[in-house]
Amino acid sequence: MEITLDKHAANEALVKIKINEADYQQKVDAKIKDYAKKSNIKGFRPGKAPFAMVKNLYGTSVLVEEINNILSKTLNDYLKEQEFEVLGDPIPQEEEGETIDWKKQKEFAFEYKIGFVEKVNVNLDQKLDAKNYQVELSEKEVNEALDNIKKQYGKMSNPEVSEENDFLYGDLKAEDGSYEETLSLPLNALDGRSLKKFIGVKKEDVISFDPSKAIKGDLAEVLNISKEDAEKLKGDFTFTVQNINRTEEAQLDQELFDKVFGPEQVSTEEEFLEKIKTILTENYQKEVKLFNEEQLKDSLVANHKLDLPEEFLKDWLLRANEGKFSEEEVEKEFPAYTKQLTWSLLSNQIAKENEIKAEHEDVIEKTKEMIREQLASSGMGSQMEENMDMFLQNYLQGNEGKNYMQMLTAVQNEKVLDFVKNKVNIKEEKIAVEKFKELLEN
């Protein structure tokens, strides 16, 4: 067997493999003999058919299978020995395989295109355009959360006469008859002038207005209708009231404390507010942690321009996804893909140079943390710890083991980012929630 590497670009090459009869014939004959022992061919007793006949029947398929096995192992072993980092998967040059005469040829030649990067050099001595933000809560955020809780746990009523912040349920009709829909209209979504028309109304009252001018914000979102329908809501319309829905805010009492946090967890208004503030702070810290990490990754990627085989990668992405994406879609998503690929290469190199490893115990703890969050958010927190081993096993063994590998990669990336943060001495900055929201939007 002969294997050679033809580098025709800085980041692309052809791997050429030549296979001789001596490389495969012994294994092919052994498989055909095994077939002969097990074969059941008409006119012969089981396992007694002549070798030549069995070879004529199964020889080509056995040969193709054995050649493919040799190619796969040879190519994988060869690429593992190289110093460069192989990207994607080798792409077989199909023209070669299409001209093979499997019955007559004794020698076979195959070519595979590969993409790679020669060397990933990471420089952590340079300045990174990143900060370690810490969010500071104000009374505004706590009060907003409190208001939402009181509304969420409040009681629904159907008063006779409407007031500000009610919801009116009824029929919205275009005066020319071109549109009609029964829906819920939130009065807090109306502008000041229009709102006056809807306050003090009763069932069966009819109000005339122009929805496109009266309703603030996105019409489709406010009225929970399609964008196509929202575009029709211009001009003269009437709204006929069928019902008035009002949420009466819950009182700050023990009943509310128990509903929100469970029995005997909170007993005073001060404790209730403090608990809300603690949870809000934890939630924002999770968000800001993710933001800080993405910012750090972006800065590292921006400072390390790797020479990636772009055309090869685009071709490989199209083939690997088997028609799921068009060339236009691959082109559109390619910048995001190369950004993630560059980060992955940098992370792996940093881990390699500094002996950073994700241990099995780390994967277990991170998975438990993820499961706790998911169960708590779905209201299944009470089942959590007693069934944790079952949840853990089901998740990590799922998706043919890919879930475990994804968690392993996530743990290593976290360790790499922690290492980088300590190494480059990123500045810390405390910011208000509003400022943080602005950063998220940019």
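Predicted model: local features only at pLDDT ≥ 70, side-chain atom pairs only at ≥ 80, totals over all residues.
Q: What is the volume of the largest pocket?
A: Rolling a probe the size of a water molecule over the atoms shows where empty space is left. In this model the largest pocket is lined by 28 residues, and Leu290, Glu293, Lys366, Ala410 and Glu414 are the ones that lie nearest its centre. The volume of this largest pocket comes to about 810 Å³.

Q: Which element gives the largest share of the lining of the largest pocket?
A: The largest pocket has 28 lining residues, with Ala410 and Glu414 among those nearest its centre. The elements that give two or more residues to this lining are helix 10 (269-303), helix 12 (327-353), helix 13 (360-377) and helix 15 (402-424). The largest share, 11 residues, comes from helix 15.

Q: Which helix gives the most to the lining of the second largest pocket?
A: The second largest pocket, with a volume of about 420 Å³, is lined by 13 residues, of which Ile149, Val260, Phe261, Ile276 and Ile279 lie nearest its centre. Two or more lining residues come from each of helix 4 (139-152), helix 9 (254-261) and helix 10. The element that gives the most, with five residues, is helix 10.

Q: How many of the residues lining the second largest pocket are nonpolar?
A: The residues nearest the centre of the second largest pocket are Ile149, Val260, Phe261, Ile276 and Ile279, and Ile, Val and Phe count as nonpolar. The complete lining also holds four polar residues and one charged residue, and its nonpolar residues number eight.

Q: How many residues apart in sequence are the parts that glutamate 118 and lysine 7 tie together?
A: Side chains of opposite charge can pair when their charged atoms come close. Glutamate 118 and lysine 7 form a salt bridge, in which the closest N and O atoms are 2.5 Å apart. Because glutamate 118 lies in the loop between strand 4 (108-117) and strand 5 (132-136), whereas lysine 7 lies in strand 1 (residues 2-7), the pair ties together parts whose separation in sequence is 111 residues.

Q: Is lysine 297 buried or exposed?
A: Lysine 297 forms a salt bridge with glutamate 294, with 2.9 Å between the closest N and O atoms, and both residues lie in helix 10, three residues apart, about one turn of the helix. Glutamate 294 is partly exposed, with a relative accessible area of 39%. The relative accessible area of lysine 297 is 15%, and because a value under 20% means buried, lysine 297 is buried.

Q: Which helices hold lysine 366 and glutamate 414?
A: The side chains of lysine 366 and glutamate 414 meet in a salt bridge, at 2.6 Å from N to O, and both residues are among those nearest the centre of the largest pocket. The pair ties together parts that are 48 residues apart in sequence, because glutamate 414 lies in helix 15 and lysine 366 lies in helix 13.

Q: Which element gives the most to the nonpolar patch?
A: A nonpolar surface patch of about 420 Å² is made by Tyr35, Phe44, Met53, Leu57 and Tyr58. Methionine 53, which counts as partly exposed at 33% relative accessibility, has its place in helix 2. With three residues, the element that gives the most to the patch is helix 2 (residues 51-81).

Q: What is the phi of glutamate 204?
A: Glutamate 204 is found in the loop between helix 5 (192-198) and strand 9 (206-209), and at 68% relative accessibility this residue counts as exposed. Although glutamate 204 is not a glycine, its phi is positive, at about 75°.

Q: Where does asparagine 224 lie?
A: Asparagine 224 has a positive phi of about 60° although it is not a glycine. With a relative accessible area of 71%, asparagine 224 is exposed. Its place is the loop between helix 7 (219-223) and helix 8 (227-230).

Definitions and conventions: Residues numbered from 1 in each chain as written. Heavy atoms only, no water. Patch = residues over 30% accessible without salt bridge, like charges linked within 9 Å, V, L, I, M, F, W, Y side chains within 5 Å. Areas by Shrake-Rupley, 256 points an atom, 1.4 Å probe, with all protein chains shown as cover. Salt bridge = Lys/Arg side-chain N within 4 Å of Asp/Glu carboxyl O. Helix = DSSP H or I, 4+ residues; strand = E, 2+ residues; numbered from the N terminus. Buried < 20%, exposed > 50% of the residue type's maximum accessible area, 1.4 Å probe, protein only. 1 Å grid on protein atoms, 1.4 Å probe; cavity = no way out; pocket = protein on both sides within 12 Å on 5 of 7 lines; lining within 4 Å. Points joined across faces, edges and corners; volume = space filled by probe spheres on them.
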